[in-house]
Structure formats: structure tokens, C-alpha cells
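Trainee: Hi! I'm new to this one, could you walk me through it?
Mentor: Happy to, let's bring it up.
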Amino acid sequence: MLAFVTLYFAQPLFGTQTVQAVTENGGDPDVANIFQPLHEYQYQYVRKHGELPEWVEPMGLGTPHSDLATTTNAYLPRLAVLRGAPSAQTAADVLAWLAAVAGALGVLALARLYGLGWAAATLAAVSYPLTHAAVRWLPYFSIPVFMAAFPFVLLGIELVWRRRLLLGSGVGVAALGIGGIGGSVLFSQLAVQVAALLVVYRL
């Protein structure tokens, strides 16, 4: 599974193309005008100060980073990758790959919990990062984190339903927290809505 996801990301990871350049219809104004410049600003700020910015100076007269409702200072994986990557685009590629691997692992665990065999569960896992929602929104660096966390929210609910309360609640709450801290508060709200539907269905 890890090899398949890595192969899928081979071009951005090892080639000249990057995930923030791969957009629908050859370009996306939101990526070009917001996410790429903001990602570059974060990268340069981290390289200079060693931490994610709390204030984004290039946007108008400046704006608090929290107002963007995307990645926050508390998301340590992003900070670690931005510190270690040789360029902003390499950081974006590595973060997208990490999110894809994490999401695939979440789907694998969920599929196995549902009783699927290893072959079927692995197929489901490697298919998840290839869905339109995951690929289409990949350049929006806040969305891959949500896509990675979402299967673990469902996994947590299913574990609680099977009376594995401590493990299930820990997984679910941690996934929602990571989705909000590392990704987007808005998309974490969507995860809560889907999770609520699953809870109602289980009741």
C-alpha cells in the first residue's frame, strides 16, 4: 500500500511537477493567488524564525493567521516538514504524500474492522487517495489533512460502537482535533456532521 501511494506521488515527489501546480483545467486561481503564495510565505517564515507565523503580512494590511481557518501554529507535522524541506514546493509535495498515506491507513483499518479481507481492504485503502475529492483539493494544503483525518473519525465511532470505548473515543477525538488544527475548522465541522449521521444510523 505504501509503495502504491508513493508511486502515485512519484512525479511530485521525485520529478519537476508539484502538487500545487497540478490543478483542474490547467490552473486554479485560488491556488495561484492564495495557497501557493501563502505556502511560500509560511515556508520562508519558518526558515527564518523556526515557527509558523501568527500574522500574515502580505495579505492586505496584514491578517491573523487564525482568520484563514487553515493550518495553525499548533500543527507540528507541517512545521517539521517546512523546517526540513529544501523548498516550499517540496514541502507541499511531502505533506500531500504524508496525508495520502495516513488516509489510506485509516481506510485500511476501517475496512478491516468491517470484516473485509486484506486484499479488499488494501484496494479500498489505495483507492481513497485517488478519489476526486482528494485529488481535486490536494493543492489546498488545508484539505489533505482533513482527508487524512476523516477515516479515523469514522473508525473511532465504530470502535466505540463495538464497546472499545477508550480506544475509539481517543482515535475519534484526536482525528477531529488534527483535522481542525492541521487542516480546516470548516471541514472538521463537515466531519462532525457525517459522524453524527453514522451515530444516528448506529442508534
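This is a predicted model: local features need pLDDT of at least 70, side-chain atom pairs count only at pLDDT 80 or more; totals for chains, interfaces and linings use all residues.
Trainee: Good to know. How many aromatic pairs does a search of the whole structure find?
Mentor: Two aromatic pairs turn up. In one of them, the ring centres of Y41 and Y45 are 6.1 Å apart and the planes meet at 40 degrees, so this pair is tilted.
Trainee: Where do Y41 and Y45 lie?
Mentor: Both sit in helix α3, four residues apart, which is about one turn of the helix.
Trainee: And is Y41 buried or exposed?
Mentor: Y41 is buried, at 17% relative accessible area, while Y45 is partly exposed, at 22%.
Trainee: What about the pair formed by F146 and F150?
Mentor: That pair is tilted as well, with 5.7 Å from centre to centre and 35 degrees between the planes. F146 and F150 are in helix α8, and because they are four residues apart there, about one helical turn separates them. Both F146 and F150 are buried.
Trainee: Switching topic: which residues of α6 are buried?
Mentor: Those are A121, A125 and V126. Looking down the axis of α6, they fall within an arc of 130 degrees, so they line one face of the helix.
Trainee: Which residues are exposed on the other side of α6?
Mentor: A119 and L123 are exposed there.
Trainee: Last one: in which helix is A100?
Mentor: A100 belongs to helix α5, residues 88-113. A100 is buried, with a relative accessible area of 9%.

Conventions. Residues are numbered from 1 along each chain as its sequence is written. Side-chain values use heavy atoms; hydrogens and water are left out. Buried means under 20% relative accessible area, exposed over 50%, partly exposed in between (1.4 Å probe, protein chains only). Helices (H or I, at least four residues) and strands (E, at least two) are DSSP runs, numbered from the N terminus. The arc is that of the directions from the helix axis to the C-beta atoms. Rings of Phe, Tyr and Trp (its six-membered ring) pair if their centres lie within 6.5 Å; planes under 30 degrees apart count as stacked, over 60 as edge-to-face and the rest as tilted.
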